[in-house]
Amino acid sequence: MNWKLYCAADYSGKGNQQPGGWSFALVGADSNHVYSGGDIRTTERRMLYTGLLNGLKEAKMQGIRRIDVYPASDWLLVSRYCNAYTLDQWRRNGWRHTATGVQVLNHDLLDEIRKAIKGMTINYPQHREEDEKWLNAVTARATQEQQEFQRARESGLQLAEARKS
């Protein structure tokens, strides 16, 4: 069985720099790991990239070199942009889109993803019915993180304080 990385993001949707959450599950034949986190001031795309990046780093730390990636949303965006060819090309262009010359958003995270996928074989297969369980689980976890960060922001608490309660 190939290792699978399921990742998701949730965002308050009230404009930029709002609370958001991310989550990923790293699933193998007889092992799985679920992680999550968030940020009090972020964007949805940053949360999606953060979940993917953390999942790739965890896979690499475990010695996994071949992995199928299943983003819960924006499959086309992630599969199109988060591959070695595109990321290397953007880096060579000073993190500008090749055709338009426009600055690539979130290039700091994309550069970290570029480094993380070096030496790995990454596939972005279409979701199948059997993947829904994990996609639903990471989406729910990302939503929980987003809600926790939202509550912390509304109450003026720092995240460390919010997680103690």
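Modeller: A search of the whole structure finds zero disulfides, a disulfide being a pair of cysteine sulfur atoms within 2.5 Å. This is a predicted model, where local features need pLDDT of at least 70 and side-chain atom pairs count only at pLDDT 80 or more, while totals for chains, interfaces and linings use all residues. Residues are numbered from 1 along each chain as its sequence is written, and side-chain values use heavy atoms, with hydrogens and water left out.

Colleague: Are C7 and C82 buried or exposed?

Modeller: Buried means under 20% relative accessible area, exposed over 50%, and partly exposed in between, using a 1.4 Å probe and protein chains only. C7 is buried, at 0% relative accessible area. C82 is also at 0% and counts as buried.

Colleague: How should I read the sheet, and what is its strand order?

Modeller: Strands of a sheet pair through backbone hydrogen bonds, either parallel or antiparallel. Strands (E, at least two residues) and helices (H or I, at least four) are DSSP runs, numbered from the N terminus. Two strands pair if DSSP finds at least two bridges between them. Here five strands form an open sheet in the order 3-2-1-4-5, with mixed pairing. Its edge strands are strand 3 (32-42) and strand 5 (121-123), each of which pairs on one side only.

Colleague: Which pairs run antiparallel?

Modeller: Strand 2 and strand 3 are antiparallel, joined by nine bridges. They form a hairpin with four residues between them, and V27 stands opposite N32 in strand 3. Strand 1 and strand 2 are also antiparallel, with eight bridges.

Colleague: Which pairs run parallel?

Modeller: Strand 1 and strand 4 do, through five bridges. Strand 4 (residues 66-71) and strand 5 do as well, over three bridges, and I67 has I122 of strand 5 as its bridge partner.

Colleague: How many residues of strand 1 are buried?

Modeller: Eight of its nine residues are buried, so to read the term, strand 1 is mostly covered.

Colleague: Where is T42, and what does it touch?

Modeller: Contact means heavy atoms within 4.5 Å. T42 is in strand 3 and counts as buried, at 1% relative accessibility. Leaving aside neighbours within four places in sequence, T42 is in contact with Y11, N16, Q17, Q18, P19, G20 and M47.

Colleague: Where is E58, and what is its nearest side chain of opposite charge?

Modeller: Start with two conventions. Lys and Arg count as positive and Asp and Glu as negative, while His and the chain ends are not counted. A salt bridge is a side-chain nitrogen of Lys or Arg within 4 Å of a carboxyl oxygen of Asp or Glu. E58 is in helix 1 (residues 44-61). E58 is buried but has no salt bridge, and the nearest side chain of opposite charge, K57, is 10 Å away.

Colleague: Which residues does E58 touch?

Modeller: Not counting residues up to four places away in sequence, E58 touches F24, L26 and Y35.
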